[in-house]
Amino acid sequence: MSHRKFSAPRHGSLGFLPRKRCRRHRGKVKSFPRDNAANPPHLTAFIGYKAGMTHIVREPDRPGSKVNKKEVVEAVTIVEAAPMIIVGIVGYVETPRGLRPLKTIFAEHLNAECKRRFYKNCAGSPLSSCLCC
């Protein structure tokens, strides 16, 4: 009597379940580094997408190691980072229940390409004459 492991093995990794379309195109930044109030306002996160994996051949420089100055094949991850445009900043205030947004400031001058992203159907909107196409 054989086990299922041998007679009908899995097809594909369980790490990719559930197999369905994503809900949003853009990724989300899920964690931010600890903020130091002494530093001036600065960019704390950048969105990147895992585009795939490949391998490289390199010569590590580790004195005392068996692989020192020898060719080693290693796996690498390809991260695609799209260009980002800063549209505005949000100021937060600390409350007993956590951070609360205090003020949102948008940039004064945004190019038409950026403004188009704020509308679902930019070409059909009444602002299309000044924004789109």
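## The second largest pocket

By class, 5 nonpolar, 3 polar and 5 charged residues make up the lining of the second largest pocket in this predicted model. Here Ala, Val, Leu, Ile, Met, Phe, Trp, Tyr, Cys and Pro are nonpolar, Asp, Glu, Lys and Arg charged, and the others, Gly among them, polar. The volume comes to about 240 Å³, and of the 13 lining residues, R24, R26, G27, K28 and Y49 sit closest to the centre.

A pocket is an open set of points on a 1 Å grid over the protein atoms alone, where a 1.4 Å probe fits, with protein on both sides within 12 Å along at least five of seven lines; lining residues have an atom within 4 Å of a point. Points join across faces, edges and corners, and the volume is the space filled by probe spheres set on them.

## The largest pocket

This one has a volume of about 1900 Å³. Its lining takes in 38 residues, with F32, L43, A45, M84 and G88 nearest the centre, and splits into 25 nonpolar, 7 polar and 6 charged.

Helices (H or I, at least four residues) and strands (E, at least two) are DSSP runs numbered from the N terminus.

## Confidence and conventions

The protein chain averages a pLDDT (the predictor's confidence in each residue, from 0 to 100) of 84, and 93% of the residues score at least 70. Strand 4 has the highest confidence, at 94, and helix 3 (residues 128-131) the lowest, at a mean of 59.

Numbering runs from 1 along each chain as its sequence is written, and side-chain values use heavy atoms, leaving out hydrogens and water. Local features need pLDDT of at least 70 and side-chain atom pairs count only at 80 or more, while totals for chains, interfaces and linings use all residues.
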